[in-house]
Amino acid sequence: MKTLILSLVFILSTSALAQSLDRKVEALIRTDNNRPVVDEVILTDLVSAESFDGLHFKIVQGKSDEAIRFDQDEELTFRAATAYYHLTKARDYFVYKVKSEYAASIPKMVIRIDHKNQFSELGHFAHDNLEPQFNNALTIPAGKGLASKGVKPWGMEIWFRPMKKIHLRDLQVNDLANQEFQVLMKQFRNQIHMQSLQRFMSQGVMALTRDNPGMNPFSVESLVRTVGSSVIMEAGYQFLEPISKVFSRKWYWLDTALVPEIIYHEYAHAALSDHLVLSHSTAIIEGMADFFAGQIANSPKLATHIKKYNTYNGKNAKKKKEYMIQFESADYANTDFVFGMLWELKKIVSEDKGEAFMFELRKKVTTNSSIRVGLIEGILETCEEMCTVPFVDKIRILKALNLKGL
Amino acid sequence: MRFALLLLCILILPVLASAETVSLRNDREGKSYYDSKSNNRLITKALKSVDQSQILGAFDDVLRNTEKNKLCSFDINQNLLKELRAVDSKFNQFEGAIYFLRSENQIDDTVVKILLDAHNVITSSPQLPKDPERLFLPEKANVPEMLEIISTFESKYLKTSCFDEAYKNMYNDIQKLDKKFKNHNLEALLVEAYQQKKINYNTYLSLEQARMNELEMTSLSLKIYYQKVSSLRVQYPLRDSNELSDYTTQKVDKMKVSRRQHLLSSYTDLQIIMMGNVIKTLRTRLDSPKAEILIYDRQEGIETITLEPMERFRLAIKLLRKEMSYLSLNTYFAGRTPDYLDLMTAAYEIGIIPASELTEVAGLKDIWSPKKTFWDKARVWVQTLSSVATIVIPPPYGFIPALAVVVIEATAGKQTNSNLDDPTSLF
């Protein structure tokens, strides 16, 4: 049966290929050393000579059903070209490298650029009056539509929101790095105060026990020095927040259609949706999509070094991060913990088998799996089936996870 | 008639059993502990005098003519040397021949050590004549009786035992007369025995060689080694006798022996089995897909707590550590606490852990006893110096050591196992 489906997919795609067109356009791509550059690329599998309408993807603007034409606004076509190019790359990865039958069978996807509406499971697009969305991207599941309200059925779609400069104070972000820095500063402040007290005490003891102590701890100079450092430290600590606000970055923006790894990430959601349903954002579904985005990009860093279109820090699988129970909550679904964890495990189960392993892993987890239970059980079960020496590799995995504080 | 047949069987069976050729073949060790450039040069030198097949043939002959209940490293060495000298009368590369036999897996590292130790005893040369001022006899009252024991060395001790065993038995008998008796007392006694013509020169020489090499301290003779390994193989037949591991031939820290040599010389077969079984249980627990804690009231179970995968893992390690402590309380161990790596070597010895799993399971030790890196060690010093510097260095520069202390505490704190005090995890 599998062979039959594969043959059918092959015949269909080859017959379609016979009619497909290629087009040379400018798009944003990454160089070998991960730098973003604008360069000429060839868009393949197009079925229209005039618009971004292909065999597998149709790039539209907002709520429109019409593909963006090549002669439309230059900025818009640049986004469309970049999205189309990277989506094709992501699809090729899943279909030809990972050999995903499911990815090969996904019907043509509509890709919406500059789309602000929120998603509605019943009505496809939420009402225009609801808060518009920016600096974001999402993959939505297919819907049956609502005939009584004139909502047609729709397939799986990827929505890239428009970019908008937002002041950081208006954003509610889980700034873990800042929290860590504040803890460090508090320790530093306590250490300085303790140091001042120790100095004062030791000088006091010396003054009382020696005939010639060298320095009088109660002298003005000594008191100014000792108290002074504590006062300076305390002042610095109390005004840390306003000072850091003055010097730190204030604006945030993210043009998701122009960041290759975000495009890969969103397509990965679609390719993995046979098991990881697109219901809501969790650490597992985001981490798995991040892993495959990293694989397609061939980099452990996602959405970094692309400040023109992204002031967000990006994700780094090699960043050493210990597990926190908060990572299980939806608020922290987009941290790079699971991404880093899967990236590390890939090396344990061998670089060659790593991506096949992670692709198989999607069958053992669900969108709602927790990191600590569902994901780890899934990893161990997958290892039981796929690892060369399962017992040994499982121990390696458990040891690595233990070190990550899990 | 039946009785006569039975008697015949009883008489013949031991003869047949002892006629069985002794095998000392290596069936556990991979790369030899003795595999070094200098030892390989010795092999090359030996092979210049005699060829490979001649060494193998000679060793085969020696073993064929050896009864397993009379296994003796000194006899084997003597017979092997005799055979090799029959090929080349000037053959003097005995060590090379032994290393060659190891390289061909005819023997393992433990047998190599036993044979070479015996060879070293025989070839060591005492400084003669002895300086009378440096000879210290034991208590005078015991001397005549001790000399009597020495005089019976050949007739009583050596007649029924291998040289090493005979020497040790004699030494023990002498020591029974004086608990403070030391090796250097024997030196004087041997001279005295020779001067009083209680022993001839050859016996004096061999006993002095044994004394110089502290033969009384050696715990493993070839016979004991053979009995130990045979007993283990009978009780735990190897699933794969071709499976060899490099792990067991690695050097033990601060000792001049390999892990397997240490195991076989330090533990009895029963202790090895007990140690191996601890690892067997650990392996089962590590491989288990589910673990639950059941809580009962006075009548029935009221709660089942299913452990998370990482909790299962850490529980298995905690239980291992508990069982290791209990092992030392066991009568058979007499308060001795075996090291985790000894347990691993024991588990491999009886085939509970395959070679492919050894390194990884052994590496579990890092979880409760992480290896200290250079930076870990340096951090302690920097932290100590910074703490002193916070008082010594005057303001405003005092912030430098204070910052160093804070940074070290922050980074060192992260490296310690945070699972231990994690309220969201049971283990």
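What percentage of the 406 residues of chain A count as buried? In this predicted model, for which local features need pLDDT of at least 70, side-chain atom pairs count only at pLDDT 80 or more, and totals for chains, interfaces and linings use all residues, the share is 36%, where a residue is buried if 20 or more other C-beta atoms, placed from the backbone, lie within 10 Å of its own, exposed if 12 or fewer, and partly exposed in between. Residues are numbered from 1 along each chain as its sequence is written, while chains are lettered from A and ligands numbered from 1 in the order in which they are written.

Chain A has a radius of gyration of 27 Å, whereas a compact globule of 406 residues would have one near 22 Å; the radius is taken over C-alpha atoms, and the globule rule is 2.2 Å times the number of residues to the power 0.38. Along the principal axes, the C-alpha atoms of the chain fill a box of roughly 100 × 55 × 45 Å.

The secondary structure of chain A comprises 12 helices and 12 strands, these being DSSP runs (helices H or I, at least four residues; strands E, at least two) numbered from the N terminus.

Phe134(A) is found in the loop between strand S6 (124-125) and strand S7 (137-140) of chain A, and it is partly exposed because 18 other C-beta atoms lie within 10 Å. Not counting residues up to four places away in sequence, Phe134(A) touches Arg161(A), Pro162(A), Met163(A) and Lys164(A), contact meaning that the C-beta atoms of two residues, placed from the backbone, lie within 7 Å.
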